[in-house]
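Subject: Structure handover

Hi,

Here is the structure for you to look over. My notes follow below it.

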Amino acid sequence: MVIFPAIDIKDGQCVRLYKGDFSTVHQVAESPLDTACSFRNAGAQWLHMVDLDGARTGRRINSEIFLEIAKISGLKVQLGGGIRDMETIEFYLSRGISRCILGSAALKNPQFVRQAVETYGDKIAVGIDAVNGMVAAEGWLEVSDIPFIQMAKQMEKIGVKTLIYTDISKDGTLEGPNFVQLSELSKSVSCDIIASGGIKDIKHIKALADEGIYGAICGKSLYSGTLDLPSAIVAADLGLLFQKSDLIPAIVQEDDTGRVLMLAYMSLDSLKRTIETGTTWFWSRSRQELWNKGSTSGHFQRVLSIAADCDDDTLLVRVEQTGAACHTGAHSCFYKKIL
């Protein structure tokens, strides 16, 4: 799953809204460009941007900011807000924007979406924003009588490959995304689904990834500190940890004492089993098979946390150890003092 950190722009400033209400607008960062670069430095590859002024007026209000970020930040930028004609799409895509998001225009002019998709393919996404399951438009100021699933199917038929779904009642609340509607949507269409609105922490990221959602847009959670971006990127795609090798070392540390108990190797499958079961699983290089620590001795390790190092090639697993960790009967495998 791809993590899309979000920057919304109003009057040239980096802001956030609560449930799409423009009266709740508040600045969350000083510089949009510096914020984008900080996201890149944290490991992000994509950036989700919205022109809130454009969403209300249908005009390119803050285009210089978006183009500067696309040029300088090193991030791929997907942009929405006020993109309602082919001229605007061409303006942005020819100047470095990677993907344009159609919202109100998609609702009111499906033929325009068809033309855009025929011309630009997967560089076009459609944003479906809903209130009580009904599609909203015009910067969320108007609510239609069209169910979100109906619109999603229509967009799929037109040829749209990527849909961004927002339950407006969840946006900016940190209450969690609407998993029920996202699940219904992913089962109804074959499009890539990007979830937006309500994401708070790493648990929500894991749940969306487990659901098979293609992407997650994170805004308020990053600015308020409830979600750590580097952690979210890894949690969204565990395969990133195994790009250098099929096996990576896992240092097992006792949580209450801080003592290092052992070092073993994890594969992607053993890491997933560790997360699923809550006990440590490793890959035996000698036996060439997965093994669950404690399955023979009864000395299981209850996993409390897992962290990746700065290079994403070593894990630190903090556990509650039952009995001895070492096969010799020693509490820790590291008992031979050299210095």
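Val-260, Leu-263 and Phe-334 form a nonpolar surface patch of about 270 Å². Bear in mind that this is a predicted model. Val-260 sits in strand β14, residues 260-266. The relative accessible area of Val-260 is 33%, so this residue is partly exposed.

Next, helix α12. The helix spans residues 268-277, and Ser-270, Leu-271 and Thr-274 are buried in it. These three lie on the same side of α12, because they cover an arc of only 100° around the axis. An α-helix has 3.6 residues a turn, so residues three or four places apart point the same way.

What covers the buried residues of α12?
- β14
- β15 (281-284)
- β16 (289-292)
- β17 (301-308)
- β18 (315-321)

After α12 comes Gly-278. The phi of Gly-278 is positive, near 80°.

Last, the cysteines. How many disulfides are there? The count is 0, with a cut-off of 2.5 Å between cysteine sulfur atoms. Take Cys-14. The closest cysteine sulfur to that of Cys-14 belongs to Cys-37 and is 13 Å away, so it is too far for a bond. Is Cys-14 buried or exposed? Cys-14 is buried, because its relative accessibility is 0%. Cys-310 counts as exposed, because its relative accessibility is 74%.

Best wishes

Conventions:
Residues numbered from 1 in each chain as written. Predicted model: local features only at pLDDT ≥ 70, side-chain atom pairs only at ≥ 80, totals over all residues. Heavy atoms only, no water. Patch = residues over 30% accessible without salt bridge, like charges linked within 9 Å, V, L, I, M, F, W, Y side chains within 5 Å. Areas by Shrake-Rupley, 256 points an atom, 1.4 Å probe, with all protein chains shown as cover. Salt bridge = Lys/Arg side-chain N within 4 Å of Asp/Glu carboxyl O. Helix = DSSP H or I, 4+ residues; strand = E, 2+ residues; numbered from the N terminus. Buried < 20%, exposed > 50% of the residue type's maximum accessible area, 1.4 Å probe, protein only. Arc of directions from axis to C-beta. Contact = heavy atoms within 4.5 Å.
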